[in-house]
2 protein chains.
Amino acid sequence: MAQKRAVVLVSGGLDSATVLAIARAGGWSCHALSVDYGQRHRVELEAAARVAKALGAVEHRVARVDLAAFGGSALTDPGIAIPREASAGIPVTYVPARNTVFLALALAHAEVVAADAIFTGANAVDYSGYPDCRPEFIAAFERLANLATKRAVEGAPITIEAPIVHMTKAQIVRRGRELGVDYAMTVSCYDADREGRACGACDACRFRREGFRAAALPDPTRYRPAP
Amino acid sequence: MAQKRAVVLVSGGLDSATVLAIARAGGWSCHALSVDYGQRHRVELEAAARVAKALGAVEHRVARVDLAAFGGSALTDPGIAIPREASAGIPVTYVPARNTVFLALALAHAEVVAADAIFTGANAVDYSGYPDCRPEFIAAFERLANLATKRAVEGAPITIEAPIVHMTKAQIVRRGRELGVDYAMTVSCYDADREGRACGACDACRFRREGFRAAALPDPTRYRPAP
């Protein structure tokens, strides 16, 4: 039987690296897709290439889309500062409709490579309050996807797999370590420097550090010296 | 009362020009958005700018996304010929997940400008067999959109308006003419030349010409001389 084919959204961060390892362990042939959306933390894209290669993706593509042209987020707008402490509600690092755009691009790629699934690292537990990381959003996208494409309407349905959506960060890193993921090659920080060294203070750094601590695993993150 | 705000997807073609005129006639303040997705017919983007200005959009933005990198369509892949006669089923001019990507980008822009609606020229009648032009697709996207964004989950729902989805091409051009749309500035042809002159033979040309004929209206389309 031919190997099942999937598009896996790989950001270069900890979550999506774990998802790629889970997909590979499940026997999927994985087409890794990263999105260059004008993010500040471009070292993530270099990390994504390393992750895709190390975890055995059959290819790694980078799709460019200029969400930065719309503005509205600390992750794409240099005029908005990255918060260095926890905030209430949906934070300024929220990028408008980001996961909708990412999944739409993944769907386009999935149709071209004839994939039966899209894997996303969406996570609703330790998440930063982003609405497009919730299970009901994923389910709504799956429903949309099966109405949207020639391949689906011609009888080849697609599923949206979010294998870590209900996991805590500690569960994610534990699962990834079991599968041999080297988290030293991933970058989660919203404000990493050009060498990919983490700030240690933003939401992403705090969730990540707390994850390794709660999992009782060594934290391989490279932090930059305090200024 | 403040004027209602909408993002209107404007391609430069006949359908979306009509939709912009309908939105304006409905009292909406319109943010026109075009997508540069690596299409062959780039004269469409110039037409979109003309249409947005002529019909009173408050702004016109072009979002770039490289769907051409994925391939798979005659509209983005120079290696696939544009058919010059009618074809059965979903044609090779279908661009994988195009309307999903376009609506996702419109949703991102809608959130930034605080729009309450997105207008699309999707049409399921004289359509070329594209699955993502059907009313059930539009309804599924609206449902998704209301789960996807910070603005929606914080209490400002968004609607996806597809005012011409059930109209024939003849009804569309009749409505547009009533609203004063000058169709000479629009380009529908899949294979227009650099001056925006139409081939007269592709699906888009045939539907358009037939629309003017059935509406008993003069066809202002500029056709290029036969080779």
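**Entry 1: H6 and H7 of chain B**

On the H6(B) side I found B:Lys169, B:Ala170, B:Ile172 and B:Val173, and on the H7(B) side B:Phe207, B:Arg208, B:Glu210, B:Gly211, B:Phe212 and B:Ala214. Contact here means that the C-beta atoms of two residues, placed from the backbone, lie within 7 Å. Helices are DSSP runs of H or I with at least four residues, strands are runs of E with at least two, and both are numbered from the N terminus.

By class, I get six nonpolar, one polar and three charged residues for this contact. Nonpolar covers Ala, Val, Leu, Ile, Met, Phe, Trp, Tyr, Cys and Pro, charged covers Asp, Glu, Lys and Arg, and the others, Gly among them, are polar.

Next, the geometry: the axes of H6 (residues 169-178) and H7 (residues 203-214) of chain B come within 7 Å and cross at roughly 65 degrees. That makes H6(B) roughly perpendicular to H7(B) (65 to 115 degrees; under 35 is roughly parallel, over 145 roughly antiparallel, the rest oblique). Axes are lines fitted to C-alpha atoms, for helices over the stretch in contact, with angles from 0 to 180 degrees between N-to-C directions.

**Entry 2: H4 against H4**

I then checked H4 (residues 135-148) of chain A against H4 (residues 135-148) of chain B, and their axes are 9 Å apart at an angle of about 160 degrees. H4(A) and H4(B) are therefore roughly antiparallel. The contact includes A:Phe137, A:Phe141 and A:Leu144 of H4(A), and B:Phe137, B:Phe141 and B:Leu144 of H4(B). I noted twelve nonpolar, no polar and four charged residues in the contact of H4(A) with H4(B).

**Entry 3: the two chains**

How many residues of chain B are in contact with chain A? I have 36 from chain B, in contact with 36 of chain A. H3(B) gives the largest share of chain B's side, nine residues. That side divides into 23 nonpolar, five polar and eight charged residues.

A rotation of 180 degrees with 0.0 Å of shift along its axis puts chain B on chain A, RMSD 0.0 Å. The copies are thus related as by a two-fold rotation axis (least-squares superposition on C-alpha atoms of residues with pLDDT of at least 70 in both). Of chain B's residues, B:Val65 comes closest to that axis, at 2.2 Å (C-alpha).

**Conventions**

Residues are numbered from 1 along each chain as its sequence is written, and chains are lettered from A and ligands numbered from 1 in the order in which they are written. In this predicted model, local features need pLDDT of at least 70 and side-chain atom pairs count only at pLDDT 80 or more, while totals for chains, interfaces and linings use all residues.
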